[in-house]
Amino acid sequence: MPNIIRIEKNGHIAHLVTPEVGEKLMLCRCYKSSKFPLCDLAHAKLEGEVGPLIVEGPKAAAESKP
Ligand code: FES
């Protein structure tokens, strides 16, 4: 589960989203998602080509062999 922090500053709202290691997220760019800032596929019902921004958390560190 990503860590999501809502930030309000100077009358504007932003979200800081931090994915976990190896976690893939779809972030909403159409502003119609009921789970904003995460995409819930509501964009599929809209006209046009807008879709989510896909982000991926950092890769896990490679395991070291003894
Ligand atoms: S619901 Fe907005 S981009 Fe998917």
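Strands here are DSSP runs of E with at least two residues, and helices are runs of H or I with at least four residues, both numbered from the N terminus. The views below show a predicted model, in which local features need pLDDT of at least 70, side-chain atom pairs count only at pLDDT 80 or more, and totals for chains, interfaces and linings use all residues. Residue numbers start from 1 along each chain as its sequence is written.

View 1. Strand S1 (residues 3-9) and S2 run antiparallel and are joined by 7 bridges; two strands count as paired if DSSP finds at least two bridges between them. Arginine 6 has histidine 15 in S2 as its bridge partner. The hairpin has 2 residues between the strands, and asparagine 10 takes a positive phi near 55 degrees there. Strand S2 covers residues 12-18 and is hardly covered, with 0 buried residues among its 7. A residue is called buried if 20 or more other C-beta atoms lie within 10 Å of its own, exposed if 12 or fewer do, and partly exposed in between, with C-beta atoms placed from the backbone.

**View 2. Serine 33 and its contacts.** Serine 33 sits in the loop between strand S3 (24-27) and strand S4 (53-56). This residue counts as partly exposed because it has 18 C-beta neighbours inside 10 Å. Apart from neighbours within four places in sequence, serine 33 is in contact with Cys28, Leu38, Cys39, Asp40 and Ala42. Contact means that the C-beta atoms of two residues, placed from the backbone, lie within 7 Å. Histidine 43 is 10 residues from serine 33 along the chain, and their C-alpha atoms are separated by 7.6 Å.

View 3. Proline 37 belongs to the loop between S3 and S4.

View 4. Tyrosine 31 is found in the loop between S3 and S4. Its phi is near 65 degrees, a positive value in a residue other than glycine. Tyrosine 31 counts as exposed because it has 10 C-beta neighbours inside 10 Å. Leucine 41 also lies in the loop between S3 and S4, and its phi, near 75 degrees, is a positive value in a residue other than glycine. With 13 C-beta neighbours inside 10 Å, leucine 41 counts as partly exposed.
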